[in-house]
Amino acid sequence: MSIGFYIAIAIVVLAIVGLVVGGLIMKKRISSLMNEVNTVVLDVNHTVDRFNNDINAINTKVTNIQTRAESMIQDVTNKQQYIEEFSSKTSEFSDSVNHLKTSGTELKNQFVTSPGKTTKRTFPALVKAGKTAQIMFEKRRKK
């Protein structure tokens, strides 16, 4: 075997050793890089989980606020309806009081002015009714 053959084998062996050493160095660098990548991925996942929990908490609070707002709107609607009913009843009551005032005055005037025109038999009843009407009128006016 010639010297060229031994030199070629030596070069091939040195190349293989160089490739193995280069591979080991690259493996070490890549493994440390992969460890850093895994650490970053874990940190990112923890951060994403934290933000997802925050989002869920905020969504729950918003849902609760919306529910409370809807119930408040319903309550306001009911109260507005009650106020409208109360206003109509107050208006009816006011109209009734005004009618009582006017008819009370007319009745009082009728009973006071007409005793002479009635018969003597009904006179005490008319006077009593007139006095009762006058008392009722005075009480209503005081209110």
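**Close-up views of a predicted model**

**Figure 1. Lys79 forms a salt bridge with Asp75.** The closest N and O atoms of the two side chains are 3.5 Å apart. The model is predicted. Both Lys79 and Asp75 belong to helix H1. Four residues separate them, about one turn of the helix. Lys79 has a relative accessibility of 49%, so it counts as partly exposed. Asp75 is also partly exposed, at 36% relative accessibility. A search of the whole structure returns one salt bridge.

**Figure 2. Tyr82 and Phe86 form a stacked aromatic pair.** Two aromatic pairs turn up in a search of the whole structure. In the pair shown here, the ring centres of Tyr82 and Phe86 are 6.4 Å apart. Their planes meet at 20°, and the pair is therefore stacked. The cut-off for stacking is an angle under 30 degrees. Tyr82 and Phe86 are both part of helix H1. They are four residues apart, about one turn of the helix. Both residues are exposed.

**Figure 3. Arg50 lies over the face of Phe51.** The distance from Arg50 to the ring centre of Phe51 is 4.9 Å.

**Figure 4. The side chain of Thr63 meets the backbone oxygen of Asn59.** A polar atom of the Thr63 side chain lies 2.8 Å from that oxygen. Thr63 is found in helix H1. Its relative accessible area is 43%, so Thr63 is partly exposed.

**Figure 5. Seven residues make a nonpolar surface patch: Phe5, Tyr6, Ile9, Val13, Val17, Val21 and Ile25.** The patch covers about 610 Å². One of its members, Ile9, lies in helix H1, which spans residues 3-113. Ile9 has a relative accessible area of 37% and is therefore partly exposed.

Figure 6. Helix H1 runs over residues 3-113. The chain has 143 residues, and buried residues make up 4% of them. Its accessible surface comes to about 12700 Å². Carbon and sulfur atoms account for 65% of that surface.

How values were computed:
Residues numbered from 1 in each chain as written. Predicted model: local features only at pLDDT ≥ 70, side-chain atom pairs only at ≥ 80, totals over all residues. Heavy atoms only, no water. Patch = residues over 30% accessible without salt bridge, like charges linked within 9 Å, V, L, I, M, F, W, Y side chains within 5 Å. Areas by Shrake-Rupley, 256 points an atom, 1.4 Å probe, with all protein chains shown as cover. Salt bridge = Lys/Arg side-chain N within 4 Å of Asp/Glu carboxyl O. Helix = DSSP H or I, 4+ residues; strand = E, 2+ residues; numbered from the N terminus. Buried < 20%, exposed > 50% of the residue type's maximum accessible area, 1.4 Å probe, protein only. Phe/Tyr/Trp six-rings, centres within 6.5 Å; stacked < 30°, edge-to-face > 60°. Lys NZ or Arg CZ within 6 Å of the ring centre and 35° of its normal. Polar contact = N/O pair within 3.5 Å; in protein donor to acceptor, adjacent residues only side chain to side chain.
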